[in-house]
Amino acid sequence: MLNIALPTGRMGEKAYRCFADIGYACPGMENQNRKLVFVDEKRGLRYMLVKPKDVAMYVEYGAADIGVVGRDVIMESQPDIYELLDLEFGKCRFAVAAPEGWHDDLSRPLRVATTYCHVTSEYFLSVGRQIETIMLHGSVELAPLIGLSDVIVDIVESGTTLRENKLVVVAEIAPSSARLIANKSSYQFNRELIDEIRSKMEAAK
Ligand code: PRP
């Protein structure tokens with residue numbers, strides 16, 4: 001059985017299409033609602049639908065052999081997995097954003113609200129700016145609007161969320177897109193099959 005972890009949410013449909021388009025469709029996946037596991041016994045496939053930020057964990061610990069995850073998640077959680085292919089969808093970027101007209105006060109640490117603490121600390125370390133990280137679980141755009149933080153570090157896709165909250169990008173950190181990833185030992189044991197999936201996806205891009 002090949003276990004495949006796919007992200008729920010905005011990347012979910014495209015991630016599934018990558019597999020369906022190369023002949024790995026699974027009955028029932030198209031009209032799924034709250035079901036989280038789909039098995040195709042005949043083909044030996046099991047799809048698991050998990051939160052985007054959890055895909056890498058499922059793959060790292062071998063609960064899934066392969067999966068699709070954003071590079072943003074890989075950068076944040078640094079999982080011990082193989083990154084096999086850039087699938088070139090789900091494009092977004094990590095950025096620092098602040099209220100329009102904001103100026104940095106260098107006399108004190110910068111207060112940064114984010115759900116991406118690792119990326120945030122690595123970035124500000126690289127530019128030599130001392131920070132205080134305020135770890136939130138979502139809606140980080142609110143933090144600078146109400147004075148909880150000076151700036152945010154978050155992913156920006158269309159830019160709509162920033163615009164609607166009157167925030168602007170003040171620094172670009174790194175681009176991101178969806179990646180095909182594999183568990184390291186699964187890749188050793190199923191190399192032929194996983195390489196075939198990788199090649200077919202590359203050809204289908
Ligand atoms: C992400 C991110 C931003 C938004 C950016 O949140 O945290 O809020 O997308 O996208 P945009 O530039 O197209 O507006 P998401 O919708 O994934 O939900 P989350 O808050 O649960 O992470």
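Q: What distance lies between the C-alpha centres of domain 1 and domain 2?
A: In this predicted model, the two centres lie 30 Å apart. Domain 1 takes in residues 2–90 and 177–204, and domain 2 covers 92–175.

Q: How do you know that domain 1 and domain 2 are in contact?
A: Contact asks for heavy atoms within 4.5 Å. Eight residues of domain 1 are in contact with 11 residues of domain 2.

Q: What area do domain 1 and domain 2 bury between them, and which residues of domain 1 lose the most?
A: The size of an interface is often given as the accessible area lost when the parts come together. Here that area is about 900 Å², with 52% of it on carbon and sulfur atoms. On the domain 1 side, Asp 72, Met 75 and Glu 76 lose the most area to domain 2, and together they make up 56% of what that side buries.

Q: Why is the meeting of Glu 157 and Arg 10 called a salt bridge?
A: The term needs a side-chain nitrogen of Lys or Arg within 4 Å of a carboxyl oxygen of Asp or Glu. For the side chains of Glu 157 and Arg 10, the N to O distance is 2.3 Å, so the pair meets the 4 Å cut-off. Between domain 1 and domain 2, the count is one salt bridge.

Q: Why is strand E4 described as largely enclosed by the rest of the structure?
A: Buried means under 20% relative accessible area. Five of the five residues of E4 (residues 66–70) are buried, so the strand is largely enclosed. Both faces are covered: Ile 66, Val 68 and Gly 70 are buried on one side, Gly 67 and Val 69 on the other.

Q: What makes E1 and E11 pairing partners of E4?
A: Pairing takes at least two bridges. Strand E1 (residues 2–7) is joined to E4 by two bridges, running parallel, and strand E11 (residues 178–182) by five, running antiparallel.

Note on methods. Residues numbered from 1 in each chain as written. Predicted model: local features only at pLDDT ≥ 70, side-chain atom pairs only at ≥ 80, totals over all residues. Heavy atoms only, no water. Buried < 20%, exposed > 50% of the residue type's maximum accessible area, 1.4 Å probe, protein only. Helix = DSSP H or I, 4+ residues; strand = E, 2+ residues; numbered from the N terminus. Domains from an automatic or database assignment. Buried area = accessible area lost by both parts, 1.4 Å probe.
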